[in-house]
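Please read it alongside the sequence and the model.

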Amino acid sequence: MNNRKELKKTMGVKDYFFLAFGIYGGAAWITTLGGWLKHGPIASILGFIICGLMLMPIGLVYGDLTSKMPVAGGEIAFAYKAFGPFIATMTGWFLALAYIIVCPYEAISVSLVIEYMFPSFKVLPLYTIRGYTIYLPSLIVGISLSLLFIYLNYKGVKFTKIFQNIVSTTIIILVIVFLILSIYKGSINNIKPYFVPDENNFISIFKVLSMAPFFLAGFDAIPLAAEEAKDNRSIKKIGAIIILAIAVGVLFYCTTTLATSLINPWQKTVSSSMPTLYAFTSAFGSKFKNLVMSCAILGLLSTWNGCFFAGTRILFAMGRGGLLPSKLGKLHPKYNTPYLAALFTGFVSILGPFIGKSGLIPAVNIGALAFVITWLSISLSAIKLEKENLFVKRIATFVCLFILSIILIPYFPSSLSWPTEWVLLGVWIVIGISMYFFILNKDGKMTKEEQAYQILGKYNR
């Protein structure tokens, strides 16, 4: 068998937590908070709390499997050991879609926020795609930041995790400041009415619940980097970190929702394209604008960095295991990083500013579906691999099926739109199946024994 290339072991407990927090603690609470706040502040808070409770069994399953098989691309390894190479390939294929497609979207979003902060950036228009104009300064910003993340991931996880830790810590501090200011300046009367007056309270909560899982995704990035744990203590703590990440995610969104609702009447806030910015500038004046927008940029960068890191691990694990072209599984001779995977992810990121926001929204919605499909695959893998704690594993499976149903059943708030998103989903599935049966499975360069060793390492038994 060929030698199995392994990533450097540098990730500690704190690094795993900030990896997950950085992904879900992005700028959604600034740019898209109106999507759930329009159903009422209490409905929003209850929706996220219920969602967090629903995700706990999935987190327990992830933690249990990861502590027993701490390898790069954990979800791929779990599916491989339970169901073999085809399910592992499709699991990794959907997970790659979920994480990598976020990178070009973040590149676009950063440019949009900068254009909002500095209208002078909206000069030198190049072309228009479906009503979205591409400006040269914004294009340069998107490309430059993409190159920055390529550099960070090319050089090594040390630089990536330092960046993530600093940015995530800054976001947490700023959110605490926002909450304190909202309590000081705000009023409980701004939260009333607690629910939308002309909508059933249960329906309001359900509508928030249907979208909340997509904002809490990020804990599933931890298993992707499990192989890089610097000691056994970090591996043993991974399960607790995953649960903590989900809990803090719920607290984060509840806090930001409450702060925004206290500071300004929420029914006025939701009509703005950037609700949090509108609420705080209404209360404190335009001088507060740059602080909120700076926090938005930091959030976008943390999500981008976390998804970039996760995406490279998915490609590396699949390349090393023969589920994608083997070149993606190569490590840099000096930095010991999956540099070709980083270059590919960076290339996808750079495409974002050229395409524009309108062309990527359908792909991002499909990415949300991809997360849930991956969670379902891992829950079923856990049932197949071990008969212990079946109750928790079955609950996790039921939760995944429930979330999946509200995405696939038409007319739900978060269902895929016809025909664009359904066609794109079908194309992605066909490409994945075709790749497995007509390209990778015909390669013949890796035996089953070699493949199992490359994917599972010493846990191949």
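Leu 369 touches Leu 404, Ile 407, Leu 408, Leu 416 and Leu 425, with residues up to four places away in sequence left out of the count; contact means heavy atoms within 4.5 Å. The model is predicted: local features need pLDDT of at least 70, side-chain atom pairs count only at pLDDT 80 or more, and totals for chains, interfaces and linings use all residues. Residues are numbered from 1 along each chain as its sequence is written, and side-chain values use heavy atoms, with hydrogens and water left out.

**Leu 369**

- Leu 369 is found in helix H17 (residues 357-385); helices are DSSP runs of H or I with at least four residues, numbered from the N terminus.
- Leu 369 counts as buried because its relative accessibility is 1%, where buried means under 20% relative accessible area, exposed over 50% and partly exposed in between, with a 1.4 Å probe and protein chains only.
- Thr 10 lies 359 residues from Leu 369 along the chain, and their C-alpha atoms are separated by 31 Å.

**Aromatic pairs**

- The structure holds 25 aromatic pairs. Rings of Phe, Tyr and Trp (its six-membered ring) pair if their centres lie within 6.5 Å; planes under 30 degrees apart count as stacked, over 60 as edge-to-face and the rest as tilted.
- One of the pairs is formed by Tyr 62 and Phe 219, which are edge-to-face at 5.6 Å centre to centre with 80° between the planes.
- This pair links distant parts of the chain, 157 residues apart: Tyr 62 is in helix H4 (residues 41-68), and Phe 219 is in the loop between helix H10 (201-216) and helix H11 (232-236).
- Both Tyr 62 and Phe 219 are buried.
- The ring centres of Phe 149 and Trp 304 are 4.8 Å apart and their planes are at 50°, so this pair is tilted.
- Because Phe 149 lies in helix H8 (residues 136-155) and Trp 304 in helix H15, the pair ties together parts that are 155 residues apart in sequence.
- Phe 149 is buried, with a relative accessible area of 0%, and Trp 304 is also buried, at 0%.
- Ring pairs also join Phe 17, Phe 18, Phe 21, Tyr 24, Trp 36, Phe 48, Phe 215, Phe 252 and Tyr 253 into a cluster.

**Helix H20**

- In helix H20 (residues 448-456), the buried residues are Glu 450, Gln 451, Ala 452, Gln 454, Ile 455 and Leu 456.
- These buried residues pack against helix H5 (74-83), helix H6 (85-100) and helix H15 (289-320).
- Gly 457 follows H20 and has a positive phi, near 65°.

How values were computed: Helices (H or I, at least four residues) and strands (E, at least two) are DSSP runs, numbered from the N terminus.
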